[in-house]
Amino acid sequence: MLRGWPHSRAGFFADAEAFLMKNAKVNLCLQASPVDGSLLLEDCNPESDFQDWSWQGSSLVNRGTQSCLSAAEADRVQMSLCGSTGYVSWDCSNSLLSPLGSSQGYLVANKKGVALSNVRGLKAQWQDAADGSVCEEEAAEAEQDRYFTAALASTHMYDPTAGNVTLALGIDQVELEELLWFFRREDPSTWNYSILALSFVAMILGLLLLSINIVRNRKRKIHMYREAEQTVQQAELEAKQALMPVQEYSPAEPQKQEPVPQGQRSGEVVVQWKDGTTTSLYAERPEDAT
């Protein structure tokens with residue numbers, strides 16, 4: 001939706017706040033044909049001037065054709081010049097539109113487009129793009145008109161001698177309306193671009209922080225793995241050092257049997273005397289002595 005302050009009073013109505021007229025039943029928007037002034041129901045397109053409508057008092061003006069919604073016949077609704085004869089004024093109540101001063105019915109959606117009927121269901125309810133009633137748009141437009149009139153009246157100073165209207169600030173009415181239009185146009189482009197740039201910077205910063213966090217986590221895991229490996233190796237080394245004294249004081253290997261001296265028979269008992277001589281404990285008796 002657009003708000004604009006025009007260069008003149010007539011331009012003010014032309015640049016009034018525009019809105020879409022969407023039918024609550026079919027969810028299609030009312031579109032004026034630039035060729036024959038007929039009305040169509042098409043997919044809503046906020047960029048199309050032929051789907052932009054605004055209130056001028058009690059008349060609905062199409063921005064693309066600069067003509068008014070009219071109920072010229074009992075069963076036909078079309079676009080007509082805003083100054084032409086016919087029912088170009090509409091009464092709006094509870095999202096229902098009916099020709100002002102006529103009992104022809106309500107503006108409803110049908111297969112061919114729109115027509116007048118006494119039906120009060122969803123087919124006869126008209127909403128804006130935000131699913132609000134078009135009657136709210138009419139009330140907002142009336143409030144804007146009152147504000148504009150009050151703003152001009154507060155700045156006018158009537159000169160009875162000159163017979164014309166001057167301004168207390170020393171500027172004429174056209175310049176004042178240009179200033180009002182400049183300061184009230186509410187162009188959101190700069191704000192939108194700023195938000196987009198900030199969003200892009202925030203995304204880059206988030207990706208940078210995420211990559212730093214991933215690298216730090218990887219380094220921390222590698223460090224913990226190395227510490228665990230060193231701890232295992234240290235434990236194994238301490239276990240080996242603890243087993244070494246046990247092996248040193250372990251029972252000695254069985255002594256090897258000394259070889260039997262030459263000349264000594266197996267099973268013979270030998271006594272070694274202090275002087276180093278050895279004798280057999282039992283002297284062998286000759287066999288013939290028996």
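What share of the contacts in the protein between residues at least 6 apart in sequence join residues at least 24 apart? The figure is 46%, where a contact means heavy atoms within 4.5 Å.

Some ground rules. This is a predicted model, so local features need pLDDT of at least 70 and side-chain atom pairs count only at pLDDT 80 or more, while totals for chains, interfaces and linings use all residues. Residues are numbered from 1 along each chain as its sequence is written, and side-chain values use heavy atoms, with hydrogens and water left out.

The overall picture, then. The protein has four helices and 16 strands. Both are DSSP runs, numbered from the N terminus: helices are H or I with at least four residues, strands are E with at least two. Of its 290 residues, 27% count as buried. Buried means under 20% relative accessible area, exposed means over 50%, and partly exposed is in between, with a 1.4 Å probe and protein chains only. The accessible surface comes to about 20,700 Å². Carbon and sulfur atoms hold 56% of that surface. Areas come from the Shrake-Rupley method with a 1.4 Å probe, and for residues only the protein chains shown count as cover.

β8 runs over 90-93 and β9 over 96-99. They pair in the antiparallel sense, over four bridges. Pairing needs at least two DSSP bridges between the strands. Two bridge partners to look at: Trp 90 goes with Pro 99, and Asp 91 goes with Ser 98.

Asn 94 is exposed, at 61% relative accessible area.

Asn 27 also has a positive phi, about 55°, although it is not a glycine. Asn 27 lies in the loop between β1 (22-23) and β2 (29-32). Is Asn 27 partly exposed or buried? Partly exposed, with a relative accessible area of 48%.

A quick stop at Ser 84. Ser 84 lies in the loop between β7 (76-80) and β8. Its relative accessibility is 27%, so Ser 84 counts as partly exposed. Ser 67 is 17 residues away along the chain, and the two C-alpha atoms are separated by 9.9 Å.

Last, helix α4, residues 189-248. The unreviewed UniProt entry annotates residues 191-215 as "transmembrane region". UniProt positions are in the numbering used here, feature names are shortened, and annotations may be inferred rather than shown by experiment. In the model, residues 191-215 are 100% helix and 0% strand. The end C-alpha atoms of that stretch are 36 Å apart.

Which residues form the nonpolar surface patch? Phe 200, Val 201, Met 203, Ile 204, Leu 207, Leu 210 and Ile 214, with about 680 Å² of accessible area together. Patch residues have over 30% relative accessible area and no salt bridge; like charges are joined within 9 Å, nonpolar side chains (Val, Leu, Ile, Met, Phe, Trp, Tyr) within 5 Å. A salt bridge is a Lys or Arg side-chain nitrogen within 4 Å of an Asp or Glu carboxyl oxygen. Ile 204, one of the patch residues, is in helix α4 and partly exposed, at 43%.
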